[in-house]
Amino acid sequence: MAKVAAKPVRIVVAKVGLDGHDRGVKVVARALRDAGYEVIYTGLRQTPEMVVDAALQEDAQVIGLSIHSGAHMTLFPAVVDELKRRDATDIVVFGGGIIPDDDIAALKKRGVAEIFTPGTPLQEIVDWLRKRFPEQTRKP
Amino acid sequence: MKVRARDPKQVWQEEFEASPSRDDGLETSTISGIPLQPLYTTADVPRREEELPGRYPYTRGIHPSGYRGRLWTMRQFSGFATAAETNRRYKYLLANGQTGLSVAFDMPTLMGQDSDAPTSRGEVGHCGVAIDSLADMETLFDGIPLGEITTSMTINSPAAILLCMYIAVAEKQGVPPSQLGGTLQNDILKEFIAQKEFIFPPSPSMRLVVDSIEYCAREVPKWNTISISGYHIREAGSTAAQELAFTLADGMAYVDACLERGMHIDDFASRLSFFFDAHIDFFEEIAKFRAARRIWARWMRERYGAQLERSWKLRFHTQTAGVSLTAQQPELNIARTAVEALAAVLGGTQSLHTNAMDEVLALPTDRAARIALRTQQLLAYETGVANTIDPLGGSYFVESLTDEMERQAEAYFKRIEEIGGVIPAIEAGFFQKEIADAAFRYQKELEQKRRIVVGVNDFTVDDEEPIEILRIDPRLESEQAGRVSEVRRKRDGARCTNALNRLRKAAAGTDNLMPYILDAVRAYATEGEIMQAMIEVFGTYTETAVV
């Protein structure tokens with residue numbers, strides 16, 4: 001039987017950094033929406049401060065970050081730090097983009113919950129969120 | 001009794017239908033979704049006057065001698081870290097037989113900001129070389145004679161500034177602008193459509209493009225003032241037909257803008273160049289290149305009334321599809337790139353960049369960059385494919401697909417015209433939505449295994465061996481920031497300020513801005529300062545994000 005929760009998970013997806021490659025973030029945003037999540041896409045060139053602002057304003061439980069320029073080691077931890085500064089560490093941060101394997105472990109240590117690299121099936125991202133928020137997800 | 005001979009095609013059709021089908025659930029359409037017949041015959045190709053290379057409409061190539069006269073230019077897009085390090089890579093590539101340079105700039109440079117700007121944090125030197133002022137450009141081309149080599153520069157919103165820097169470096173080498181050859185990407189429309197590296201709103205952006213075309217027609221006549229790009233449109237997820245249609249529509253929008261400025265078509269048309277993606281669906285790509293030449297020639301001659309043959313010829317650069325590369329089993333990317341490069345060559349490209357196998361992970365290492373270049377050399381010198389002009393001309397399939405590409409492109413031109421032209425279509429989000437829809441459709445096909453990407457959704461391995469990748473030293477950022485502040489400290493401050501003030505004033509009027517930008521560059525104004533002066537007049541653009 002389908003589990004229906006009062007409040008579906010809200011996810012802010014954002015492009016941090018200067019690059020404008022938004023193919024990935026848009027595909028993921030659509031897939032998450034189709035999977036029953038409430039998705040807010042911020043658009044391009046968001047600073048860590050802007051991303052956290054959006055997440056707090058939207059009362060989001062999750063932030064999804066996308067980057068293709070190679071600045072992930074600076075900008076992903078900066079989002080985590082901004083959440084700490086704003087006392088909002090309950091918000092889960094995940095990310096994706098052109099991110100070499102070696103960097104993934106380092107990012108996880110810095111508080112990024114998960115990194116999805118090129119070639120990841122969309123279902124894998126959805127499954128990960130379902131596991132993370134089992135009660136709150138609306139089954140499609 | 002006399003039996004009437006049956007139509008052989010009918011016989012084949014029956015035999016085909018009676019044969020077992022592979023039935024593996026895979027799509028029998030091109031990667032862009034064009035349905036494919038199992039067989040093409042004479043019936044699929046309309047009768048038309050014989051097409052020949054070097055003759056209108058140039059479907060079979062713009063040169064009568066194809067690659068017999070001259071091979072394509074092997075132009076590897078390259079740039080990383082500092083100007084000094086990239087200069088070393090250029091010398092390495094030239095020593096290995098590369099025949100032209102192609103500069104990749106880092107994100108802050110592409111977005112018109114200096115390395116010490118707060119939003120440049122973490123980005124300096126990562127996906128290209130960091131250039132802040134003429135001083136960096138001097139280092140970048142140190143020891144490389146600009147009168148003897150051609151250079152392509154991939155830059156858009158700040159394109160005019162980087163071109164002025166190049167002109168200024170040449171001046172210092174004693175090379176006059178009239179001798180400079182190369183290409184400036186300078187294609188702002190596809191930024192609004194796909195790659196999204198815009199800064200100013202569309203109207204002042206177009207003014208800068210026309211300023212540089214007009215200036216170069218006079219002062220830098222051998223320079224390709226714009227490289228009208230489908231590459232980024234395709235990489236953002238479009239189909240082949242969308243790439244073709246949107247790129248040529250952009251080209252016509254630039255032509256319209258130049259005509260509006262009062263230029264004559266034959267004074268600038270031959271310096272417009274194009275840039276396409278070579279994706280993995282082999283025949284579709286060849287058809288796309290052939291259709292591009294035919295459509296452009298017809299529009300230039302018949303719609304715009306260009307008189308000179310050189311105005312009708314569509315010349316293009318090709319890059320193999322970055323988006324087709326996989327992080328999984330990355331060595332397979334060498335094979336993908338070879339197939340894509342072959343399509344570009346059979347499609348008659350003028351120049352070619354082949355991606356390195358590790359570019360899906362980071363900028364290429366020396367070794368990966370060399371293999372990519374060697375792939376082109378192998379095609380050129382080992383395979384014999386360059387010996388015959390347009391060898392697929394006359395293929396029932398390729399000719400039919402070429403016609404189909406043309407039909408689909410013309411249908412898009414009509415739709416764009418109905419919306420009111422390219423810029424209104426951008427503002428309405430038309431292109432963005434078409435591309436996002438196509439990207440999502442393709443991703444769905446992968447998820448449902450209706451298309452296979454080897455190593456990703458089939459033929460996978462459990463233990464991927466890590467490959468060596470290029471790392472950018474994190475100290476580079478503060479070093480580059482140090483260099484730009486030293487430039488600011490050492491230059492003639494008053495001269496620089498005056499040049500920037502004059503530029504600001506000119507931006508508010510209607511003068512061609514190129515001479516003002518050149519003056520500011522010569523006075524060692526930084527890229528960020530020059531952009532800022534123009535932003536004060538032009539403002540900036542924010543798109544409404546459509547998912």
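Predicted model: local features only at pLDDT ≥ 70, side-chain atom pairs only at ≥ 80, totals over all residues.
A search of the whole structure finds 54 salt bridges over all chains. In chain A, one of these pairs is formed by A:R10 and A:E58, whose closest N and O atoms are 3.8 Å apart. A:R10 is located in strand β1 (residues 10–15) and A:E58 in the loop between α2 (48–57) and β3 (62–67) of chain A, so the pair ties together parts that are 48 residues apart in sequence. Both partners are partly exposed, A:R10 with a relative accessibility of 23% and A:E58 with a value of 26%. A further salt bridge is found between the side chains of A:R86 and A:D53, with an N to O distance of 2.5 Å. Because A:R86 belongs to the loop between α3 (72–85) and β4 (92–97) whereas A:D53 belongs to helix α2 of chain A, this pair ties together parts that are 33 residues apart in sequence. The relative accessible area is 29% for A:R86, which is partly exposed, and 33% for A:D53, which is likewise partly exposed.

In chain B, the side chains of B:R6 and B:E14 meet in a salt bridge at 2.7 Å, N to O. B:R6 is partly exposed at 47% relative accessible area, and B:E14 is partly exposed at 39%. Chain B also contains a network of linked salt bridges, comprising the arginines B:R48, B:R60, B:R290, B:R294 and B:R298 together with the acidic residues B:E51, B:D390, B:E399, B:D403, B:E406 and B:E410.

Two kinds of surface patch were identified. Negative charge gathers on the surface in a patch made of A:D101, B:E331, B:D462, B:D463, B:E464 and B:E465, with residues from chain A and chain B. One member, B:E331, is placed in the loop between β9 (316–320) and α14 (332–346) of chain B, and is partly exposed with a relative accessible area of 45%. A nonpolar patch on the surface is formed by B:I452, B:V454 and B:F459, which together have about 250 Å² of accessible area.

A:R130, in helix α5 (residues 122–132) of chain A, is buried but has no salt bridge; the nearest side chain of opposite charge is that of A:D127, 5.0 Å away. This separation can be set against the salt-bridge criterion, which requires a side-chain nitrogen of Lys or Arg within 4 Å of a carboxyl oxygen of Asp or Glu. A polar atom of the A:R130 side chain is instead found 3.0 Å from the backbone oxygen of A:A35. In chain B, B:K190 is situated in helix α7 (residues 188–195) and is buried, with a relative accessibility of 0%. The side chain of B:K190 has a polar contact of 3.3 Å with that of B:Q185 and another, of 2.9 Å, with that of B:E191.

Several features concern the backbone. The peptide bond that joins B:Y56 and B:P57 is cis, with omega at about 0°; B:P57 lies in the loop between α1 and α2 of chain B. Positive phi values are present in two non-glycine residues, A:D87, with phi near 60°, and B:K196, with phi of about 70°. A:D87 is part of the loop between α3 and β4 of chain A and is exposed, its relative accessible area being 70%. B:K196, by contrast, is buried at 1% relative accessible area and is placed in the loop between α7 and α8 (202–219) of chain B.

The spatial extent of chain B is illustrated by B:L26 and B:Y215, which are 189 residues apart in sequence and have C-alpha atoms 52 Å apart in space. B:L26 is found in the loop between α1 (8–18) and α2 (66–69) of chain B and is partly exposed, with a relative accessibility of 30%.

Definitions and conventions
Residues numbered from 1 in each chain as written. Chains lettered and ligands numbered in written order. Heavy atoms only, no water. Patch = residues over 30% accessible without salt bridge, like charges linked within 9 Å, V, L, I, M, F, W, Y side chains within 5 Å. Areas by Shrake-Rupley, 256 points an atom, 1.4 Å probe, with all protein chains shown as cover. Lys, Arg positive; Asp, Glu negative; His and termini not counted. Charge placed at Lys NZ, Arg CZ, Asp CG, Glu CD. Helix = DSSP H or I, 4+ residues; strand = E, 2+ residues; numbered from the N terminus. Buried < 20%, exposed > 50% of the residue type's maximum accessible area, 1.4 Å probe, protein only. Polar contact = N/O pair within 3.5 Å; in protein donor to acceptor, adjacent residues only side chain to side chain.
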